[in-house]
Amino acid sequence: MTDTLDRDLAASPTATAAVEQRRRLVTAIPGPASQRIHARKVAAVAAGVGTMLPIYVERAGGAILVDVDGNQLIDFGSGIAVTTVGHAAPEVAARVAAQVAELTHTCFMVTPYEQYVLVCEALNRLTPGDHDKRSALFSSGAEAVENAVKIARRFTGRDAVVVFDHAYHGRTNLTMAMTAKNMPYKDGFGPFASEVYRVPMSYPFREPAPISGADAAARAISVIDKQVGMNRTAAVVIEPIQGEGGFVVPAEGFLPAIAAWCKENGVLFIADEIQTGFARTGAMFACEHEGVVPDLITTAKGIAGGLPLAAVTGRADVMDAVHGGGLGGTYGGNPVACAAALATIEIMESRDLPAAARRIEAAMLPRLRALAEAHPSIGDVRGRGAMLAIEIVRPGTTEPDAAEAARISSACHQAGLVTLTCGTYGNVLRFLPSLVIADHLLAEGLDLLEQAVAG
Ligand SMILES: Cc1ncc(COP(=O)(O)O)c(C=O)c1O
């Protein structure tokens with residue numbers, strides 16, 4: 001094979017040659033071995049922990065998953081935007097193995113270690129803005145969002161938190177309150193945390209009439225003003241491109257206008273970049289596309305190449321407003337996760353993965369647009385970098401067609417391509433390939449998608 005990824009992998013000291021970068025189906029999906037484990041899963045694992053595609057993965061490398069039946073699937077999901085540097089990236093695997101042999105845990109709040117400090121230094125350097133910053137590390141995205149809200153309330157002395165239609169911020173009690181969609185995230189799980197207020201998002205495809213980013217921001221601000229009160233508002237929390245809500249890219253000017261209003265009114269602008277961050281959208285952070293500098297930014301997912309790590313980074317005066325001992329957690333900033341993050345960040349910078357995301361966009365967008373031209377069931381094509389989506393509708397309308405989206409996604413799975421759905425209406429197919437995916441796998445994945453859409 002002569003594509004870029006295979007050369008990259010071959011050049012690496014612990015090449016993932018063990019996982020050939022090739023799709024290969026040897027059974028139906030899921031195969032018999034997966035089905036046997038799945039029967040045990042149903043008997044052993046709580047029913048609420050769903051699985052979208054019950055192939056049981058044995059190994060993974062680059063952009064290929066290998067299941068227990070020996071099937072090799074192309075991964076356009078990356079564990080929901082986590083394995084941005086590829087599955088089992090050799091540099092990450094080597095750093096993690098070395099770290100495990102040396103030190104796995106002390107709890108940073110008890111006896112600290114340098115890896116935590118190194119990750120915070122990297123976050124302070126990489127996140128938007130060249131002001132003085134501080135970071136704190138956690139274990140999951142929801143935990144980072146919870147802590148960003150704690151910090152914002154402590155700093156401002158205000159209670160109210162503003163979030164948007166279609167938002168997703170996690171599954172803990174506060175982040176369920178901040179998340180928009182009821183089913184499956186909230187149904188039956190209340191009562192939810194108070195002082196969370198939802199305002200209209202800029203969702204260009206679903207606006208009743210075209211509206212500029214500035215006007216959509218004014219619409220949201222008016223709701224904050226009338227229904228919440230700016231003097232009560234600690235923070236506005238927003239995903240610069242919404243993830244679970246449907247890869248909603250707000251109209252140009254929306255984010256800067258919201259950020260400017262926050263600045264004028266002493267409200268903190270918190271960018272939830274848990275899905276968009278770390279090179280995914282063609283910039284290290286999605287806020288950068290419109291020059292927005294958040295007061296606080298939450299990160300997770302792509303930060304550590306598959307290990308659980310999350311962070312809040314932001315203005316030093318805001319972060320340091322919290323009293324000693326007010327932030328933390330037993331596992332937050334675990335040394336193994338930190339080692340993985342340091343290796344991941346090194347790969348992202350040395351291989352310029354934001355540029356790789358832009359190349360993926362340049363390869364995928366024209367093909368997705370051509371597909372939409374040919375199939376009126378695709379109502380919208382959108383996204384940035386390697387965070388792209390198609391929204392499925394009843395032809396000629398904007399009426400969501402979740403059943404058709406599920407059919408297409410399932411046809412992709414049967415053909416050996418892992419795709420994910422999302423969206424408030426469940427009708428969006430989203431694509432989150434690894435940024436080191438080989439050109440031939442990207443092209444083949446798009447071929448399979450085309451065939452699936454055509455039915
Ligand atoms: C934007 C955003 N915020 C928060 C979260 C929650 O992260 P976690 O699942 O790690 O708690 C997610 C996860 O999908 C997310 O996409």
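**Sheet, aromatic pairs and confidence in a predicted model**

Seven strands, in the order S4-S10-S9-S8-S7-S5-S6, form an open sheet with mixed pairing. Strands are DSSP runs (E, at least two residues), as are helices (H or I, at least four), and both are numbered from the N terminus. Two strands pair if DSSP finds at least two bridges between them. Strand S4 (133-138) and strand S6 (196-199) stand at the edges. Each has a single partner strand, so one side of each lacks a neighbour in the sheet. From one strand to the next, the twist averages 20°.

The model is predicted; local features need pLDDT of at least 70, side-chain atom pairs count only at pLDDT 80 or more, and totals for chains, interfaces and linings use all residues. Residues are numbered from 1 along each chain as its sequence is written, and side-chain values use heavy atoms, with hydrogens and water left out.

S4 pairs with strand S10 (residues 310-315) in the antiparallel sense over 6 bridges. Ser 135 stands opposite Thr 313 in S10. Helix H6 (residues 141-156) lies across several strands, including S4, strand S5 (160-164) and S10. H6 runs at about 25° to S10. Such angles, from 0 to 180 degrees, are taken between N-to-C directions of axes, which are lines fitted to C-alpha atoms, for helices over the stretch in contact.

The structure holds 7 aromatic pairs. Rings of Phe, Tyr and Trp (its six-membered ring) pair if their centres lie within 6.5 Å; planes under 30 degrees apart count as stacked, over 60 as edge-to-face and the rest as tilted. Phe 76 and Phe 431 form an edge-to-face pair, 6.3 Å centre to centre with 75° between the planes. This pair links distant parts of the chain, 355 residues apart. Phe 76 lies in the loop between strand S3 (72-75) and helix H3 (78-81), and Phe 431 lies in strand S15 (residues 428-431). Phe 76 is buried at 0% relative accessibility. Phe 431 is also buried, at 0%. Buried means under 20% relative accessible area, exposed over 50%, partly exposed in between (1.4 Å probe, protein chains only).

Phe 108 and Tyr 113 are edge-to-face, at 5.4 Å and 80°. Phe 108 is partly exposed at 23%, whereas Tyr 113 is buried at 8%. Ring pairs link Phe 108, Tyr 113 and Tyr 116 into a cluster.

Mean pLDDT, the predictor's confidence in each residue from 0 to 100, is 96 for the protein chain. Over residues 1-17 the pLDDT is below 50. Where pLDDT is low, the predicted coordinates should not be read in detail.

Notes
Contact = heavy atoms within 4.5 Å.
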